[in-house]
Amino acid sequence: MNRTAQRDAILKQLRAVKTHPTADELYAGLRVNMPQISLGTVYRNLEQMSQAGLIRKLETAGKQKRFDGDISEHFHMRCRVCGAVVDIESEKLRGLCAMIRKLLPELGCDSFNLELSGCCGGCKEETMVTN
């Protein structure tokens, strides 16, 4: 994959945030300093970078794709209230995933997706304030 100014800017912006933005959100932020960049360029580069393993694409059924610049092994929780995606670090989840990976061939599968859901810290605080 060739390096381009657009690709470098997308990767830099994605790695600078922890919000797991959509392509549209990245595009809006990139347009500030790169008004000539197109939404198609952002989408195309995000797909290519995720296929190359430079970023992670977070997909859930019926939801808009989000992207993560952190490719280390970690997990995500989607807030049921606001829809935010937050990082979760857990050795217990790493162990569980290792066990599942060992079972995949036996089950005739080659991959799996673990998605957690709950209430993010901001929504928990808001709920506590209003109660």
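The questions and answers below concern a predicted model of a protein chain.

Q: What is the order of helices and strands in the protein chain?
A: The chain holds five helices and five strands, and along the sequence they follow the pattern α-α-α-β-β-β-β-α-β-α.

Q: What makes R66 and E25 a salt bridge?
A: A side-chain nitrogen of Lys or Arg must lie within 4 Å of a carboxyl oxygen of Asp or Glu. The N to O distance between R66 and E25 is 3.3 Å, so the pair meets the definition of a salt bridge. R66 belongs to strand β2 and E25 to helix α2, 41 residues apart, and the pair thus links distant parts of the chain. By this rule the count comes to 10 salt bridges.

Q: Why is R66 called buried?
A: The relative accessible area of R66 is 16%, and buried means under 20%, so the term applies.

Q: Why does E25 count as partly exposed?
A: E25 has a relative accessibility of 41%. Buried requires under 20% and exposed over 50%, so a value in between is called partly exposed.

Q: How do you know that the buried residues of helix α2 lie on the same side?
A: The buried residues of α2 (residues 23–30) are A23, L26, Y27 and L30. They cover an arc of only 100° around the axis, which places them on the same side of the helix. What covers them includes α1 (5–16), α3 (39–51) and β2 (66–68).

Q: What makes R78 and E115 a tie between separate parts of the sequence?
A: The closest N and O atoms of R78 and E115 are 3.7 Å apart, which is within 4 Å and therefore qualifies as a salt bridge. R78 lies in strand β3 (residues 75–79) and E115 in the loop between α4 (91–107) and β5 (116–118), so the pair ties together parts 37 residues apart in sequence. R78 is buried at 12% relative accessibility, whereas E115 is partly exposed at 40%.

Technical notes. Residues are numbered from 1 along each chain as its sequence is written. This is a predicted model: local features need pLDDT of at least 70, side-chain atom pairs count only at pLDDT 80 or more; totals for chains, interfaces and linings use all residues. Side-chain values use heavy atoms; hydrogens and water are left out. Helices (H or I, at least four residues) and strands (E, at least two) are DSSP runs, numbered from the N terminus. Buried means under 20% relative accessible area, exposed over 50%, partly exposed in between (1.4 Å probe, protein chains only). The arc is that of the directions from the helix axis to the C-beta atoms. Contact means heavy atoms within 4.5 Å.
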